[in-house]
Amino acid sequence: MKQWLRQLAWIMLGLAVGTGLGLYYGWDVAPTEFTNATPAMMQAEYQRDYLLMIAAAYDHSSDLATAERRLNKLGTTADSRLFDLMLDQILRDEDEQRIRQLVYLVADLDVGYSPAMDVYLNNRGEP
Amino acid sequence: MGRRRQRPAETAAALSRLSVASLLLLGLVLGLAGSLYYAWVVDPIIFVNASPSRLTPIEQEEYIIMVSQSYASDGNWPLAQQRLDALDDPDLPQTMGQLLDRFVREGRPPALLRDVAQVAQQLGSSSRAVALFAPTPLPGSLPTATPTPPLVPVVPTMTATAVALATDTPTPTATFSAVPTPLPSPTTRPNYRLLTQQRVCEAEPVFRIEVLTWDAFLEPEPGVEVVVRWQGGEDRFYTGFKPDQGADYGDFTMEPEISYSVQLAAGSPEITGLRIEPCDSGLPGGWQLTFQNLLINPTPTPANGN
């Protein structure tokens, strides 16, 4: 019985050391390389900026199909995030041009509606 | 008797030592293999917080396009610069220049070329494509005056060669003067250059020579007279008389076994050797030629009917 316990202890010790070394090597020394990220894998802040760029690019090019394709790259929740970002920009009274770009994109993509958009949509086309 | 008692004890001790080492090794190997499987397969590190520099090359291109379009929209250069910095590309001006060259060759929309060229120019890229497409040249960014090289090959191959068309005027304000350098003979001085020449292959036989005419800023330019010649014959038509095809469009129907040449009456290289040729599908195919006006403010060509 004593011999059996000793043997088990050695195995457990080896297992613990091996596991520790393996995790250190697998997660720290040579982690899975991931260089081919998609926009959906970017940091939240970069994704937010990506949304702003989609809106600005749409404002410049009027290419709704491209805007929609770009938006879809951010994943299934991109629509709601775009809408939330627009509302956030409106409520924080951010740069008006930026807000307009977001509002127009939200409206044209039919992503959602808020009465807060009306003031921008009613003046659409005016400088 | 003593020997008989000692042998089992030594054997047991040896077995015990061997057993400890092998057990430790066994545990180590199992632990290592299991944890690596876990770390690389079951629960690998996933970069959910990636930066644009981690995007695929295609997504990075898309990102650059978006930065360019955003900059064209809001004119906020510090913001554009900050966004481009996120790409972590130490040689971004060169990258932008190469990207623009490729976009030109791929026949991307003129508006897109202008947007990318504008950003490339701001970054200090000074390729010919930048000089050609950037809307507001920076002082000193344009190529110096050089004799105009042969604008295009006149064999029917796909080309999209960016050619310098502008010269730096020696005025302090560095205004954009894009008058082409005179060629030795006035009769060969082109007002237009061939921008692209490509096959037209469709699901049905095509016998057309399509001619597109753009102005210096790559916007459609209608009313340009096109001269088509073949052995023993000549015909003329104007672009812009088929509005459904675009204000810059005009075409001519070829006959089989005849070689045609196309030239713009206002002055362009003569594109020869155009004939009906089979496409990859085996069906007859035509040609599409795109000409760009080299004059920034050209005198409108009278569209006097066709």
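**Ground rules**

I number residues from 1 along each chain as its sequence is written, and chains are lettered from A, with ligands numbered from 1, in the order in which they are written. Because this is a predicted model, local features need pLDDT of at least 70 and side-chain atom pairs count only at pLDDT 80 or more, while totals for chains, interfaces and linings use all residues; side-chain values use heavy atoms, with hydrogens and water left out.

**Entry: chain B overall**

I began with chain B. I looked up six helices and eleven strands there. Helices are DSSP runs of H or I with at least four residues, strands are runs of E with at least two, and both are numbered from the N terminus. Chain B has 306 residues, and 44% of them are buried. Buried means under 20% relative accessible area, exposed means over 50%, and partly exposed lies in between (1.4 Å probe, protein chains only). Next I checked contacts, meaning heavy atoms within 4.5 Å. Among the contacts in chain B with a separation of 6 or more, 63% join residues 24 or more positions apart.

**Entry: where chain B meets chain A**

How many residues does each chain give to the contact? Chain A gives 47 residues and chain B gives 43.

The size of an interface is often given as the accessible area lost when the parts come together. Here I noted about 3800 Å² buried between chain B and chain A. Carbon and sulfur atoms carry 62% of that area. Buried area is the accessible area (1.4 Å probe) that two parts lose on being put together, summed over both.

I then looked for pairs across the interface. There are 17 residue pairs in polar contact between chain B and chain A, both residues at pLDDT 80 or more. A polar contact is a pair of N or O atoms within 3.5 Å; within protein, one must be able to donate a hydrogen and the other to accept it, and residues adjacent in sequence count only if both atoms are side-chain atoms.

Which elements of chain B give two or more residues to the side that touches chain A? They are helix H1 (2-42), helix H2 (57-74) and helix H3 (77-85) of chain B. H1(B) supplies the largest share, 15 residues. I sorted this side of chain B by class: 25 residues are nonpolar, eleven are polar and seven are charged. Nonpolar covers Ala, Val, Leu, Ile, Met, Phe, Trp, Tyr, Cys and Pro; charged covers Asp, Glu, Lys and Arg; the others, Gly among them, are polar.

**Entry: salt bridges**

Side chains of opposite charge can pair when their charged atoms come close. I counted a salt bridge when a side-chain nitrogen of Lys or Arg is within 4 Å of a carboxyl oxygen of Asp or Glu. Four salt bridges cross the interface of chain B and chain A. One of them joins Asp49(A) to Arg83(B), with N to O at 2.8 Å.

Glu94(A) is partly exposed at 27%, and Arg92(A) is partly exposed at 47%.

In chain B, Arg208(B) and Glu202(B) meet at 3.0 Å, N to O. Both ends are partly exposed: Arg208(B) at 22%, Glu202(B) at 34%.

Glu234(B) bridges to Arg229(B), with the closest N and O atoms 3.4 Å apart. Glu234(B) is partly exposed at 41%, and so is Arg229(B) at 27%. These two belong to a network of salt bridges that also includes Glu225(B), Arg236(B) and Glu270(B).

**Entry: Asp79(A)**

I found Asp79(A) in helix H4 (residues 78-91) of chain A. At 36% relative accessibility, Asp79(A) is partly exposed. Leaving out residues up to four places away in sequence, Asp79(A) touches Leu71(A) and Val111(A). Gly112(A) is 33 residues from Asp79(A) along the chain, yet their C-alpha atoms are separated by 8.3 Å.

**Entry: the disulfide**

I searched all chains and found one disulfide, a pair of cysteine sulfur atoms within 2.5 Å. Which residues does the disulfide join? Cys201(B) is joined to Cys279(B), S to S 2.1 Å. The torsion about the S-S bond is about -95°, so this disulfide is left-handed.

The two cysteines are 78 residues apart. Cys201(B) sits in the loop between strand E3 (192-200) and strand E4 (208-214) of chain B. Cys279(B) sits in the loop between strand E10 (277-278) and strand E11 (284-293) of chain B. Cys201(B) is partly exposed at 42%, whereas Cys279(B) is buried at 8%.
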